[in-house]
Amino acid sequence: MKRIACTPRGDWKATAERYGFTFHTFGNEPYWDESAYYQFSLRQIEDELEEPTRQLHELCMELVERVVDSEELLERLAIPRDYRDLVRRSWREGHPHFYGRMDLSYDGRGPAKLLEANYDTPTSLYEAGFFQYLWLEQQIRRGVLPAGADQFNSLEEKLGQVFTANTFATPFYFASVKASLEDRGTVEYLRDIAAAAGLDTRLVDVEDIGLNASGRFVDPRGAPIPSLFKLYPWEDMFRDRFGPAIAASGTLFVEPPWKAVLSNKGMLALLWEQHHGHPHLLPAFMDTSPERTVAKGWVRKPFFSREGANVEIHAHDGQRVKEGGPYGGGPNVIQQFHALPQFAGSYTVIGSWMVGDQPAGIGIREDHSLITKDSSRFLPHAIID
């Protein structure tokens, strides 16, 4: 694993905007960064990233199976009592799921360590699945990369397979919140893949979904929504005033309600309890003393934190890093600190993607902070042996 400096394409911004990548820059800071790329060997990808991702996913699915039949574990994961039957039924009925992302610490020597998983509302899908592959193709054509360069990236292909392997009632709606360009980019990308698979698709803002007198969720024109991909967290849906209508609405939700088991960081503690000493897991425990200062060598993470918000690190060398955010006051986990590798002065995290039940690719984020945030840069990668 190497970080290779390279000259950005002179037309990369125009290319991004031509292909709908409108969130390539936040303010004056680049989000997409092709001033460097990460180089891997095929062995590193297959043995030290793809296979561990497969193993970790299997542990996650086993965890769901265990949790849905345990009131104690559902309680420990802070899943509201009124929604536990919904979660349980969606798992038992095999409601289909699209994708998830595991954030791994990996320095090229292994073993990769699971920092956290986002199986409900992961973003950076478009840049991982499409735009970095376009970068690869163009850099090969321009001679920047060798002709045999490849990429661990079958996201688009495998997502297409998910759409064709399942029978979805249509039209299939894709929803995100109005304020987020990044979320809209993700759902538009998924919608394009669904349309290419032959589905009748629609876009809708989460805020514009209504509930009719018959208890059906409807679009702004009053048309029922039979299938809905929502880039909106289950824990927020459980608190929404429309939440009680979900079970009887007749809408198939993707990601399904059982993803609530894997959409909070409490699952890290449950995984460690069940698989103590696993080479790809870090010690993690439910935080029973949130009023205490984080001990040296540990990290506090709120169950429902996203993009690094409200995460607090106390590194082995005494360094403290804390990110603000709106997720304070709820349950937390304490996880053993495992430093991200540093390349060229930045800390690097690998997002390893699952589509359905198959590993499907990686995306790489960099930040000058130990905490990866929504503003952290996305860099492409290549496999070159």
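Biologist: Helices are DSSP runs of H or I, at least four residues long, and strands are runs of E, at least two, both numbered from the N terminus. With that settled, where is phenylalanine 337 found?

Modeller: Phenylalanine 337 is in the loop between β17 (332-336) and β18 (342-343). One caution: this is a predicted model, where local features need pLDDT of at least 70, side-chain atom pairs count only at pLDDT 80 or more, and totals for chains, interfaces and linings use all residues. Residues are numbered from 1 along each chain as its sequence is written, and side-chain values use heavy atoms, with hydrogens and water left out.

Biologist: Is phenylalanine 337 buried or exposed?

Modeller: Phenylalanine 337 counts as buried because its relative accessibility is 9%. Buried means under 20% relative accessible area, exposed over 50%, and partly exposed in between (1.4 Å probe, protein chains only).

Biologist: What does phenylalanine 337 touch?

Modeller: Leaving out residues up to four places away in sequence, phenylalanine 337 touches Gly297, Trp298, Val299, Ile313, Ala315, His316 and Leu370. Contact means heavy atoms within 4.5 Å. Lysine 296 is 41 residues away along the chain, yet its C-alpha atom is 8.5 Å from that of phenylalanine 337.

Biologist: New topic. Which residues line the largest cavity?

Modeller: Leu59, Glu62, Leu63, Arg66, Leu271, Gln274 and His275. α2 (42-67) and α9 (266-274) are the elements giving two or more residues to that lining. The largest share, four residues, comes from α2.

Biologist: What is a cavity here?

Modeller: On a 1 Å grid over the protein atoms alone, a cavity is a set of points where a 1.4 Å probe fits but cannot get out. A pocket is an open set with protein on both sides within 12 Å along at least five of seven lines, and lining residues have an atom within 4 Å of a point.

Biologist: What is the volume of the largest cavity?

Modeller: About 30 Å³. Grid points are joined across faces, edges and corners, and a volume is the space filled by probe spheres set on the points.

Biologist: And how much space lies in the second largest pocket?

Modeller: About 300 Å³. It has 15 lining residues, and Val206, Ile209, Tyr232, Asp240 and Phe242 lie nearest its centre.
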